[in-house]
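Biologist: Could you take me through one part of this model in detail? I'd like a close look at the place where the two chains meet.

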Amino acid sequence: MNATAIMKHRDAAVSDGENTAAGVTDAEAARLGFRLTLPAQILVLFISAFPLLMQLYISLTDWSPLSGIGWWSAWELWNNFANYTDLAADGRFWSALGRTAIVMLVCVPAEFLLGLALATLFMDEFPGKRFFYSVMLMPMMVVPAVAGYMFFMLFQSGGPVNDLLSSLTGFPVTVAWLSDPTLALVAVMIADIWQWTPLMFLILLAGLVGVPEDQIKAATLLGANAWQRFTTIVLPKMKTIIVIALAIRVIENFKIFDTLYIMTGGGPGVATETISVYIYKVTTQDLIWGYVAAIALAILVVLSVVAVLAMKRMAQGREA
Amino acid sequence: MKRSVPFETFRYVAILAALAVTLVPILWMVSMAFKPIAEWSATGADLTWWPKQPTLDNFRFIFGESTSNLIVALDRTAAKPIASSLLSAIFGTAIAMGAGTAAAYGLSRFGSGQNLPLALIQLRLFPPMAVMIPVMIMWSFLNFMDSWWGLALIYGIVTLPFAFWLMKTFFDDMPREIEEAALVEGCSRLRVFTRITLPMMRAPLASAALFVFILNWSDYLIALLLTTREWVTIPVYMASLSSSMTGQLYGAKAALGLIAAVPPVVMGIAIQRHLVRGLTFGALKQ
């Protein structure tokens, strides 16, 4: 998403320059432009520069809100980078990271394939399309925390999911979904797939509709079957859109917290503890904020590197 | 293109199956919200899929009216959490839309703030959890903890990327002729922006504002960290709807969940055609 959007923005900026070159040179425009962008600049600076420096500073100390000294005097608790060496050896952190990766590797492809399959069904007109389309989008608009409560109710051992399974299989099912380490993770992933498949569906359908129809018709005349048309014409045309859709879900799925935390609280034990849940727990229960700051900074650095690499890669792909 | 009968059948079967999966969780919550206690606390074989004796007891309960069937009383009603959610989401939207629209116009027309597109996307990339320590420290320093205005400020910043990108694509798409004509007439640029461009953009502005509102209204994590008691929002308050005597108050939770779920769903359907643009930072238009 990011790289493409930014590249589009650059293109737009270039053409802007051409369009308004005559008018924009005067000082009034420059002044107004500066003033208009100022509030956004201040907000960005307010939430990035200062907090990052503060985070870096605290991450080098043992400071916690219970230390009895203000954060600015945290240097008294300087600990020689111990937070970072602790992090490298923190098994709970690494398994939370691994679990986040597993959730992502299951959920994002599942959402993509289901969304794509649904989108292909919506490509041409049929009676009831608008209605079905609107209903299909509903899950992604439900407040994630509320979706969490919904699935918490559904997966109770005496709840409707087991009831449905009982009537399907014929004998009473009383699986304790949310207190079994494996099944709890499955339940959490089902909730994520339920909520975010519509997003894939929405974006991929927008892409499918944009595939030129005459090319598909031409291929049909040449004798290509539906599968061949799909793989040779539709998919290549959709490449950018697929990348955007996947990127959005990968980014958002990495942050997974609301539904999961409400359904399982990261439990049983740490069985569904993802990276956000882990940081949340260390922040609010263990209160070792110096250490949390170190974790958070490490994640920010890794994510930034990944993002820069991904954008470079995409920019190269575009030039080629 | 005329499709075959088997395909049409397959299509409807597949769509109806997807529809069922989509709707069952939502309908379950709706059903729970209107069930009396005997029905929402039932398990296993006693489960009813649809309320046999529909009641508004759950709604009365969360707004503090004592209902004879529930042995517990709430120490606080849902009214203030709803107010908190509303105030923080509305003012957060105002901050994001104000700063975002102005900056988007500044960039789109005058090329100012070239760093903003990338900076704002980075802001969106990072998990909120990873910047919350400094935010919590700053917010307590500013005395913003546990207040709707503190939430509104962070919401405004968190959703600024969406407001900015959405409005930027709308401004980029807008024809410049009218603005240029007004300039020739002797209008100042600021006047052109406030008197001509903004009124013309009323519909896109409304869509973008609704989109940003949905995002703010949907927050859980930030409110969980920044509010403790006085101004907790709906999802945070919902956790308190359980008691040691009766366990989880499913009916009450479902009722409040329904209240929380309705506004974004209605708004989302209203702005359907801008959803793709909003979700992809304007990279895709429907």
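Modeller: Across the interface of chain A and chain B, the rule picks out 3 salt bridges. One pairing to look at is Arg124(B) with Glu252(A), a salt bridge whose closest N and O atoms sit 3.3 Å apart. There are also 16 residue pairs in polar contact across the interface of chain A and chain B, counting pairs with both residues at pLDDT 80 or more.

Now for the interface as a whole. Chain A brings 101 residues to the contact, and chain B brings 101 residues too. Together the chains bury about 8,900 Å² between them, and carbon and sulfur atoms give 77% of that area. Met141(A), Tyr149(A) and Met153(A) supply 8% of what chain A buries against chain B, which is more than any other three residues.

Bear in mind that this is a predicted model. The predictor gives the complex an ipTM of 0.90 and a pTM of 0.89. For chain B, the mean pLDDT is 87, with 94% of its residues at 70 or more.

For some background on chain A, it splits into domain 1 (3-45) and domain 2 (90-287). The C-alpha centres of those two domains of chain A lie 37 Å apart.

Notes: Residues numbered from 1 in each chain as written. Chains lettered and ligands numbered in written order. Predicted model: local features only at pLDDT ≥ 70, side-chain atom pairs only at ≥ 80, totals over all residues. Heavy atoms only, no water. pLDDT = per-residue confidence, 0-100. Domains from an automatic or database assignment. Contact = heavy atoms within 4.5 Å. Buried area = accessible area lost by both parts, 1.4 Å probe. Salt bridge = Lys/Arg side-chain N within 4 Å of Asp/Glu carboxyl O. Polar contact = N/O pair within 3.5 Å; in protein donor to acceptor, adjacent residues only side chain to side chain.
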